Amino acid sequence: MATRASAFREWANNESLTTTGPIDQLKDKRVVIDAEDFLETILTSQSTREPLLPALGGLPFALRKHVDAYLANLEEAQITPTFIFNGLDLACKDRATISRDSRQAARSLDEAWNLYSQSRADEAVAEFGKSCNGAPCVIPCFLLTNVCQVPTELTTSCAGCNLTSHAKE
Amino acid sequence: MQTALYSAAAQAVSLDRENFSDAVVGSITCLLFGAAIVIVSFDWENQTFAWLEKAKCLSKLGMTEDQFIDFSLISGFTILTPPAELENAPNYIQGAREIVGRSGSVGFAAYESLNKEFRELFKKARTAVKHPVVLTGNGEVKLIRNEMASGDMHDVIGQRLPDEMYYCMSRGLVGPRVLNWRTRSEVFEIPPLDGGSSPAYQQLVTQKLAPLRTRTMALTSLPMLHRYYQKKDVDLVSWYNENNKQPLNVPDASAPTEAAKRWCVKNSVLNKVSKGASDTADCSLLFAVSLLSDEATAKQTVTEKKGDTASQELKEPRELLANTVLRFLEDRGYINNDHTLSAWGKALKAAFDHAKQSGYIASAGAKEVEEAIFMAFELHKLDILTTSQMFPSDKYLGAPMRGSETDKAYTLLLSRIACLGTFHHKEIGFTGPLSRHLLGYHQMISAVRGSLRDLVEVHALSMFMSGAVSREVEPIVYTSVGANLPFVEEPDLGLSLVVKSYLDEASNDPNKRSDIERWFNHAYDIKGDLKKAWMMWGAVGGIEILQLR
């Protein structure tokens with residue numbers, strides 16, 4: 001299922017609002033990456049999604065491959081990334097919202113299992129695939145670890161970023 | 001890498017504004033938080049990238065900047081779920097445009113036609129966009145446009161935490177989960193992937209894991225949190241009965257802070273673990289147990305009184321990791337007060353030794369093995385590593401089905417244990433048999449693993465914030481300690497499905513047996529994976545912590 005962020009992206013594309021340029025314009029540049037959007041894109045886009053993820057738990061089988069390839073491509077293009085993950089919940093994400101979203105996902109998964117039990121495999125896979133965007137917290141946790149262990153100076157890419165002294169105060 | 005205080009997009013835009021980067025990569029949420037341009041995709045094959053300019057979006061939508069903010073929120077494209085009024089709209093963009101256009105004005109009062117619940121959240125979201133909380137490049141926690149902010153910002157943003165705690169989170173030493181519980185004063189359990197309709201799961205998260213959660217949160221209280229938090233309790237609320245608020249009694253709980261303080265083990269002692277043993281980063285649990293298995297060394301690790309504090313401060317990444325895990329293991333009952341291994345600790349050591357001798361560690365790797373064995377112990381202590389029927393068999397299909405009742409019971413137990421091991425599968429989506437029955441159990445393990453991860457993270461946080469750690473430690477060390485703590489990676493259900501399929505077929509009539517390798521199209525090494533599962537069983541079952549019930 002396309003996420004809402006990707007629906008906007010698609011709309012912007014269709015309306016010719018996006019501009020394209022050669023990657024070497026970004027050579028030797030630093031970029032900050034919204035890691036939540038990055039992850040959601042991997043989990044939901046047609047070429048990388050694994051529809052049975054919610055039936056198996058754990059991590060998508062090709063997640064590491066996609067992340068490594070992305071990092072390798074950035075490195076080759078000589079772009080230095082800093083990934084930023086979501087922290088605390090904003091107050092506008094209240095319990096009612098979380099509850100509604102999770103119930104909707106649970107209903108869809110229940111339907112997927114019903115289809116599976118009726119041997120309607122293709123329909124079941126499609127239904128499972130609708131719940132791939134709700135990344136369980138194990139995935140960002142893994143990604144954070146994986147990205148962190150890449151031997152580039154990701155964490156110190158903020159030049160002059162004197163965060164240690166902050167901890168002293 | 002960095003964890004934002006709140007929204008990743010807001011933090012990315014803020015860092016970009018401070019010139020720590022040349023561009024932001026993300027979605028419309030970055031435009032919402034003030035980016036003028038956002039890179040939305042890379043096409044590596046054609047060596048191009050695509051970006052989106054806010055000005056172009058505004059002119060296409062025919063909106064002002066303020067209208068665009070409202071549109072981004074109402075459409076559900078960013079940080080809000082769209083209002084019920086939009087749920088049936090064929091097109092969220094058109095629907096949201098109409099709502100914004102119809103209103104004729106912007107901001108809080110403009111959308112009287114939308115339902116009240118949504119309008120409340122809209123107000124909070126709009127304020128969060130106007131006043132994002134970010135961590136500046138020089139480490140300051142900053143409320144943007146603070147001078148214009150109202151006095152009740154905590155209602156909009158959430159309760160404040162100490163700056164040092166924000167810092168530890170931003171560096172990835174601790175995840176946002178437990179801190180969220182504190183600021184919201186609530187743990188909200190959502191349904192697991194299987195749906196969570198079994199009493200066993202519900203009992204696990206509301207009763208069996210509750211003391212662990214309480215202890216984890218109590219550990220954040222003193223001396224780290226403001227008095228507000230020390231007196232403030234946290235309620236547990238579950239998806240299946242949201243009206244029932246179960247107090248977790250956090251203010252009354254005792255935290256193991258005194259016991260934790262007695263761990264300040266320096267490298268000179270850590271080096272006593274015999275050479276050739278695996279190092280802390282690969283297998284911190286195994287390392288800790290090996291260290292303490294020699295009683296004389298164990299007793300040397302007790303730090304009774306602080307003498308020369310500077311010389312006792314922990315600094316090396318290895319020390320930080322080892323001491324966090326030692327504190328955690330004592331908290332979980334594997335280590336006695338005098339730092340020798342408890343009966344549980346000795347049993348854990350025996351299981352690790354078995355894994356070494358059987359070749360399980362050599363074949364699966366120390367990290368996977370130590371976590372699998374440790375998890376098995378924890379599941380056993382919670383009395384859920386059993387053959388008992390936990391899931392409604394009519395609804396939860398995919399239970400073992402062949403052989404005698406005893407055969408089925410063993411198949412079930414072995415498949416359950418196999419949920420703790422990894423599955424070698426090609427880097428492609430899975431095809432093969434599924435089992436909601438086993439997924440239900442996998443999700444119970446997932447809940448336990450998550451709670452243990454929370455506890456070990458909070459022990460690290462407590463250690464860093466209570467003066468045991470040198471202030472000279474580099475930012476990268478915070479990140480690496482967080483990354484190397486156990487329970488990061490959750491095995492999927494693959495190995496369990498393989499074990500169950502294999503044993504079910506082994507219990508089948510010999511003339512009717514199928515070759516299960518044909519069922520798992522993209523598995524790398526079914527035979528090797530099965531062998532691993534038997535070794536896992538040997539290490540866990542071999543020490544007789546399990547009895548068929």
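Residues are numbered from 1 along each chain as its sequence is written, while chains are lettered from A and ligands numbered from 1 in the order in which they are written. In this predicted model, local features need pLDDT of at least 70 and side-chain atom pairs count only at pLDDT 80 or more, whereas totals for chains, interfaces and linings use all residues.

Chain B comprises domain 1 (8-148) and domain 2 (259-541), with bounds from an automatic or database domain assignment. The centres of these two domains of chain B, taken over C-alpha atoms, are separated by 42 Å.

Within chain B, strands β3 (residues 37-43) and β4 (residues 48-53) run antiparallel and are joined by six bridges. Strands (E, at least two residues) and helices (H or I, at least four) are DSSP runs numbered from the N terminus, and two strands pair if DSSP finds at least two bridges between them. B:Val38 lies opposite B:Leu52 of β4(B). Four residues stand between the strands of this hairpin, in which B:Gln47 adopts a positive phi near 55°.

The contact between the chains (C-beta atoms, placed from the backbone, within 7 Å) takes 86 residues from chain A and 101 residues from chain B. On the side of chain A that touches chain B, α5(A) gives the most, with 14 residues. Strand β2 (residues 30-34) of chain A also pairs in the parallel sense with strand β2 (residues 23-25) of chain B over three bridges, A:Ile33 standing opposite B:Val25.

Methods
Contact = placed C-beta atoms within 7 Å.
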